[in-house]
Amino acid sequence: MNADVTGRFADEAEPRLAAMRAGLQRLESGLDPDLMAELIRDSHTITGVAAAAGGDEVASIARHMEILLQEIGNGHRPASAALVDTLLHTVSGLLTIIARLREGGDVSELAQAQRAALEAFGASPAASPPTPTGPAPDPAPAPAGSIRCLLVEVGQRAYALPLDAVITAAEGRRGVCVDGVAVDIVGLGETLDPEGGATAPSVGPVVVLTGADRSYGFRVDAVLGPRNVVVKGLPAVLPKMSMLSGAAIEVDGSVLCVLSGPGLVERAKAVVQR
Amino acid sequence: MRALILSVGARLWAVRLDQTREVMVTTSLTPIPGAPPSVLGLCHRRGDVLAVLSLPTVLGLGPPSAEARAAAWLVVVDAGQGVAGLAVTRIPELRELGEPVGSGDGPAVLSVHRLDDEAAGPRTVGLLDTDAALTPVRIGQPQ
């Protein structure tokens, strides 16, 4: 981008990002369809003006935000505290990137960090390319009951973790920090079955999940990757089980348990106290 | 009254035919983390998820035996809310139940009936009311 184009793009994008920041802060107190429409429109406009100005890094990040906001708007993804927080960080990150672009600096590292934070929530702009001009499109159709999950393996069994509760997944670390603070780590197997679950090894993949008031890292045997999962409700005959949010039927006819992030975090507190 | 006779090891129960939906071969069960002991797991039934239960455990007769865990058949029955699969260790028999020979021990087992069986000799079975027996509260009881 030359300096003139960058300046015009930045003049257009900065007030919209400021409006998005205010809107996301309001989102923390409840979902409002008009507010969602505004947020989607602003992110779509930033995607468009960035793409038109040749700012591919910004366009890609803004498009990623737009997809996540559409998913919140059409009810396919809850506006969890972790997601809203990440979107607020992304808005701040985009403002920093734009300020650096005005100065003619390199933004690739900053952009990479922003993309990585959004990718933890699964939606990828690669699957739906940005539209540089025109009005914000209708929310993309998604299979009913489908949510984006991170699949993990523990004790040779796969489990799905809804991505809205996942802060990050780290490979082969002894410890994990989130926002500069070390999180406690427990074994997912031990949490699911305190009597029989094997004690987790001290090194291996860790998935950090957020609950109502804190986060925990859960050590797993393997991270199998993100996937859309069509979640079915649990049979009505079952009593409430806090660690389980639903189940899905796999192509081979087996049943996949979809775990609850907040439920696991609550259980982890008890496991740590033992 | 026509009823299916359900066997779990040496124990027998009868379920009215109009409270049963089908008999299935047990496919792979997915255990549920944190589930009460009476819930053996989940399986797939025609695009839906079915809870599979150990009937003796629901009725407070102890934790599921290894035999119950390895049960080869499921009887899908009406439950208080929806349906549930009961793991059984033999193919259920369809029998005509005569007049009761005794009363049951509560809302779950309504009455006791005699089964005249040439091979095994006379036996008695408790007639189960699956709607009353299979409720989330009963299923959630710790053993």
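Chain B contains four helices and 11 strands, where helices (H or I, at least four residues) and strands (E, at least two) are DSSP runs numbered from the N terminus. The model is predicted, with local features requiring pLDDT of at least 70 and side-chain atom pairs counted only at pLDDT 80 or more, while totals for chains, interfaces and linings use all residues. Residues are numbered from 1 along each chain as its sequence is written, chains are lettered from A and ligands numbered from 1 in the order in which they are written, and side-chain values use heavy atoms, with hydrogens and water left out.

Of the 143 residues of chain B, 52% count as buried; buried means under 20% relative accessible area, exposed means over 50%, and partly exposed lies in between (1.4 Å probe, protein chains only). Among the contacts in chain B with a separation of 6 or more, 54% are between residues 24 or more positions apart, a contact being heavy atoms within 4.5 Å. Chain A has seven helices and 11 strands. Buried residues account for 46% of its 274 residues, and residues 24 or more positions apart supply 68% of the contacts in chain A with a separation of 6 or more.

Several local features of chain B involve strand S4 and the segments that follow. Val39(B) is found in strand S4 of chain B and counts as buried because its relative accessibility is 8%. The C-alpha atoms of Val39(B) and Val52(B) are separated by 6.0 Å, although the two residues are 13 apart along the chain. Leaving aside neighbours within four places in sequence, Val39(B) is in contact with Leu238(A), Ile32(B), Val52(B), Leu53(B) and Ile139(B).

Arg45(B) is also placed in strand S4 (residues 39-45) of chain B. With a relative accessibility of 16%, Arg45(B) counts as buried. Its side chain is joined to that of Glu22(B) by a polar contact of 2.7 Å; a polar contact is a pair of N or O atoms within 3.5 Å, where within protein one must be able to donate a hydrogen and the other to accept it, and residues adjacent in sequence count only if both atoms are side-chain atoms. Beyond the neighbours within four places in sequence, the contacts of Arg45(B) are Arg21(B), Glu22(B), Met24(B), Leu50(B), Val76(B) and Val83(B).

Arg46(B) lies in the loop between S4 and strand S5 (48-53) of chain B. Its phi is near 45°, a positive value in a residue other than glycine. Arg46(B) is exposed, with a relative accessible area of 64%. Ser54(B) occupies the loop between S5 and helix H1 (55-58) of chain B and is buried, at a relative accessible area of 2%. The side chains of Ser54(B) and Thr57(B) are joined by a polar contact of 2.7 Å. Apart from neighbours within four places in sequence, Ser54(B) is in contact with Ser38(B), Leu40(B) and Pro64(B).

In chain A, a positive phi of about 60° occurs at Gln156(A), which is not a glycine. This residue lies in the loop between strand S1 (146-154) and strand S2 (157-162) of chain A. Gln156(A) is exposed, with a relative accessible area of 77%.

Helix packing was examined for two pairs in chain A. Helix H1 (residues 3-27) of chain A packs with H2(A) at an angle of about 155°, the axes being 9 Å apart; axes are lines fitted to C-alpha atoms, for helices over the stretch in contact, and angles run from 0 to 180 degrees between N-to-C directions. H1(A) is therefore roughly antiparallel to H2(A), the classes being roughly parallel under 35 degrees, roughly antiparallel over 145, roughly perpendicular from 65 to 115, and oblique for the rest. The crossing of H1(A) and H2(A) is left-handed, meaning that the near helix is turned anticlockwise from the far one by less than a right angle. By class, their contact has 13 nonpolar, three polar and five charged residues; Ala, Val, Leu, Ile, Met, Phe, Trp, Tyr, Cys and Pro count as nonpolar, Asp, Glu, Lys and Arg as charged, and the others, Gly among them, as polar.

The axes of helix H2 (residues 33-52) and helix H3 (residues 56-73) of chain A come within 8 Å and cross at roughly 160°. H2(A) is therefore roughly antiparallel to H3(A), and their crossing is left-handed. The contact of H2(A) with H3(A) has 11 nonpolar, five polar and two charged residues.
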